[in-house]
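This report describes one structure for a reader who has not seen it before.

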Amino acid sequence: MIQFQTVTKIFKDGTTAVDELSFHIREGETFGLIGTSGCGKTTTLKMINRLVEPTSGTIQINGSESTSQDPEELRRQIGYVIQDVGLFPHYSVQQNIATVPKLLHWDERRIASRSEELLQMVGLDPETYSERKPQSLSGGQQQRVGLARALAANPPIILMDEPFGALDPITKRQIRAEVSSLFKHINKTIVLVTHDVFESFELCDRLCLLDDGKMQQIGTPQELLFEPANNFVDSFFASNRFQLELLSVTLSDILEQKNGEGELYWSPPLKEEQEDDEVKPNRTLYHILEEMEQRPQENLAIIHRVEKRVIDSLGFSDLLDRFQQYKRKRKRREQDG
Amino acid sequence: MVDLWQFIVSNQAEILDQTIEHIGLTFVSLLIAMAIGVPLGLLATRLEKVSGPVLGAVGVIQTIPSIALLGFMLPLLGIGALPAIVALFLYALLPIVRNTYSGINEVETSVTESARGMGMTGGQILRKVELPLATPVIFAGIRAATVINVGVATLCALIGAGGLGEFIFRGIALNNSIMILAGALPAALLALGFDFVLGLLERNVSKFLKPLSYGLAVVLVFVSLYSVSTVFSQDQFRIGVPPEFLERADGYKGLTQQYDLDMPVVEMNASLMYQALDNKRVDVIVGYSTDGRIEAFDLKVLKDDKNYFPPYECAPIVKEDFAENYPDVIAAINKLAGKISTQQMTQLNSAVDHKGQEERAVAKEYLQVLDFRTEINRQGDPDILIGGKLQTEQFILAHMYRMLIENYTSLDVGLRSGLAGTQIVFNALTNNEIQLYPEYTGTGLHVLLPPSKQVTDSLGNDRDAVYNYVAEQSLQQFNIRWLQPLGFENTYALIMRREQAEQLGIETISDLADYLSADEIE
Ligand SMILES: Nc1ncnc2c1ncn2[C@@H]1O[C@H](COP(=O)(O)OP(=O)(O)O)[C@@H](O)[C@H]1O
Ligand SMILES: [Mg+2]
């Protein structure tokens with residue numbers, strides 16, 4: 001979908017912000033650009049929609065070189081969300097969302113119904129918020145509108161630069177969770193810039209870790225954690241390692257029975273019927289342990305059933321044991337391979 | 001208050017005319033400033049390199065005193081509405097350019113960046129995002145420019161552009177506060193009114209933007225047509241007249257009746273007149289017969305063949321009690337009596353106006369030629385203040401008296417020269433704010449005393465008779481003593497370019513009147 005080929009950006013003042021960067025972002029994945037502040041994440045992102053032009057190298061989007069397209073036309077097909085949102089203060093929420101559709105000359109009715117749909121999608125009641133001005137919204141609500149605006153013309157690619165960076169921790173968590181599930185529904189190619197490793201682990205399928213404009217490693221969160229390409233990658237995650245490991249390992253990773261057979265339930269269930277209290281196998285251990293702490297009952301466990309037969313029952317300490325086993329297994333695999 | 005009302009009612013036609021001229025000057029210059037200032041401010045935001053020079057330049061223009069700016073305009077664009085509009089336009093530029101620049105720059109970068117990121121073109125960002133967001137700031141600049149322009153436009157009366165300044169300057173010259181108010185009050189109301197209207201406009205700017213820009217275009221077309229037409233319609237014979245002369249008893253009205261003169265009048269500042277004549281912006285002026293620029297610009301004083309202008313012998317005047325208390329000062333002053341001829345005074349004036357010498361140096365040199373002492377120059381707190389009007393010779397004379405008094409008495413003298421208008425200087429003298437200034441007998445007769453027409457007719461053109469009458473009456477009425485005359489006369493005079501006068505064979509004012517009436521018949 002997006003292909004960087006030895007892309008370098010040197011600013012007029014001589015700063016090399018991006019240094020010979022090559023990678024491929026696949027269609028439909030959520031791709032994270034991470035690294036310390038000033039490592040070149042924003043510059044890399046802005047080269048995709050040509051807000052910054054590379055000094056050398058090429059960027060292909062959908063197989064055609066980005067420089068061969070008119071920059072404005074290109075940008076209208078790429079959603080763009082930034083930390084400070086940048087809503088137009090003199091426009092209503094609805095007018096803000098309508099920006100790109102208007103540029104694309106959609107008819108009024110289509111724009112109205114689309115903006116209503118989008119407001120609902122980002123969790124804002126259209127009747128209450130359509131006619132409001134941005135300054136009457138909270139930071140979280142503004143970012144929701146910003147997201148709706150980026151999605152308005154249904155662009156296949158969305159670029160996000162620290163979209164949750166300016167929000168308070170509670171709002172941030174909440175929106176992040178919503179966005180995470182939204183992303184799963186809308187099948188878009190998303191490039192997310194963040195300096196928050198937890199965020200990148202929660203949201204991204206694959207990560208690209210940059211340092212000083214150079215790529216250090218590219219891969220899934222687990223790969224970066226358990227198979228670091230160099231010392232920098234290793235030390236980058238060192239201080240949060242345990243938490244990140246829990247965030248990167250999913251329930252299905254640690255089940256005895258592989259290939260995702262059977263069903264998983266909470267026991268005792270929160271609801272009347274056990275069948276209604278299902279656990280998704282792709283939940284991370286972190287979230288499962290967290291939920292275990294939050295549920296009111298004692299002696300909680302996750303039951304694994306295959307064809308109505310219970311083959312596994314995992315309590316808190318069992319989960320941690322399995323997690324340790326999994327890590328050892330990975331390490332062996334790494335040493336062998 | 002009642003007087004003011006009566007004055008306004010009885011002069012309503014003229015006030016209305018001046019108000020319309022005033023609005024015209026303000027608005028036309030403002031619209032041009034908007035049409036040029038907003039794009040200029042935008043340019044500065046786009047090219048950071050030019051922003052410094054552009055903002056600097058418009059800032060510097062703002063620091064030029066308005067009267068000086070009008071003076072610069074004179075040789076370039078002459079007199080009348082065009083140079084006034086250009087000067088006003090230049091003044092209006094700073095607030096508009098600066099506010100456009102800062103208004104656009106104050107738009108948050110996150111807003112413009114997201115606009116760009118969504119695929120808006122530069123023009124779309126400007127029209128849909130930056131300009132709407134900067135509008136309140138730009139409008140504040142336009143409002144400031146309007147208020148400035150309403151004020152500065154009063155000065156445009158000095159270069160014959162009309163407007164409410166005409167009454168203000170005539171009022172200042174005659175020390176007539178009613179007349180000043182009759183000009184100043186409508187000007188203040190105009191400023192408030194414009195500010196209010198612009199405030200309304202600002203709140204509804206989106207609705208007005210289109211009609212406003214069309215209106216702007218129409219006005220610009222008219223202005224350019226108008227200015228072109230004024231530039232090319234200069235074959236008419238015009239006379240430049242200072243405000244004071246228009247209202248004086250021995251002024252313009254009497255002159256036109258006596259000689260049956262008929263020509264378009266341009267009211268303008270006395271000190272700018274000679275230049276306007278030299279630049280062929282007017283063809284005749286009412287000036288002073290001793291002005292140095294007559295020599296410098298090679299001008300010709302027309303002979304007053306019907307003896308319209310009374311004698312204007314120059315003599316220092318003081319309060320009677322001062323004369324009694326300071327006989328030594330009076331003696332020092334009188335050393336100069338009869339020592340300066342009209343021709344000598346003209347040369348002294350010319351040395352200052354044309355050759356650019358300092359008044360002080362010119363005064364000192366002349367006193368030295370006459371063998372007076374000039375070495376002492378006291379710098380302490382003055383015991384005596386010498387006043388003077390805005391004319392060059394009054395400055396020179398003030399310096400001469402200062403040197404004489406400081407060298408021949410033990411007193412310390414200060415100067416208060418350059419006061420605007422006869423009444424102002426005279427009031428300063430009677431109120432003991434100054435102790436001495438040179439006055440002219442004709443002015444004393446017509447401005448200070450104004451006697452009945454019978455009396456002036458009986459005095460006629462007799463120098464001594466006028467001096468004696470004025471001296472006697474001044475003592476009686478104001479307790480003012482006229483000292484001995486200096487020797488020269490500085491009368492009002494009609495002045496033309498020598499070249500043109502000779503070409504047309506005009507020697508006297510009657511010749512001029514004949515020429516004009518013949519011209520009309522053609
Ligand atoms: N317009 C610019 N001109 C010069 N240097 C820049 C510019 N933009 C960014 N940089 C520099 O490039 C480097 C990378 O910046 P950026 O991509 O914004 O980093 P990040 O988003 O990872 O924090 C930094 O050193 C920054 O100072
Ligand atoms: Mg950044």
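A polar contact is a pair of N or O atoms within 3.5 Å; within protein, one must be able to donate a hydrogen and the other to accept it, and residues adjacent in sequence count only if both atoms are side-chain atoms. The model is predicted, so local features need pLDDT of at least 70 and side-chain atom pairs count only at pLDDT 80 or more, while totals for chains, interfaces and linings use all residues. Residues are numbered from 1 along each chain as its sequence is written, chains are lettered from A and ligands numbered from 1 in the order in which they are written, and side-chain values use heavy atoms, with hydrogens and water left out.

**Ligand 1**

| Residue | Part of the residue | Distance to an oxygen atom of ligand 1 |
|---|---|---|
| Lys41(A) | backbone N or O atom | 2.9 Å |
| Thr42(A) | polar side-chain atom | 2.6 Å |
| Thr43(A) | polar side-chain atom | 2.5 Å |

Taken alone, ligand 1 exposes 550 Å², of which the protein buries 60% (Shrake-Rupley method, 1.4 Å probe). The residues around ligand 1 include Phe11(A), Asp13(A), Ser37(A) and Gly38(A); a residue is near a molecule if one of its heavy atoms lies within 4 Å of it. Helix α1 (residues 41–48) of chain A gives the largest share of this shell, three residues. Helices (H or I, at least four residues) and strands (E, at least two) are DSSP runs, numbered from the N terminus.

**A sheet in chain A**

Strands β11, β12 and β13 of chain A form, in that order, an open antiparallel sheet. Its edge strands are β11 (263–267) and β13 (309–314), each pairing on one side only. Two strands pair if DSSP finds at least two bridges between them. Between β12 (residues 301–306) and β13(A) there are five bridges, and His304(A) has Asp312(A) in β13(A) as its bridge partner.

**Backbone details**

Most residues other than glycine have a negative phi, and most peptide bonds are trans. The bond from Ser267(A) to Pro268(A) is cis, with omega near -10 degrees. Pro268(A) sits in the loop between β11 and α14 (285–294) of chain A. Thr6(A), in strand β1 (residues 2–10) of chain A, has a positive phi near 40 degrees.

**Domains of chain B**

An automatic or database assignment sets the domain bounds. For chain B these are domain 1 (2–232), domain 2 (241–309 + 493–521) and domain 3 (314–488). The C-alpha centres of domain 1 and domain 3 of chain B lie 44 Å apart.
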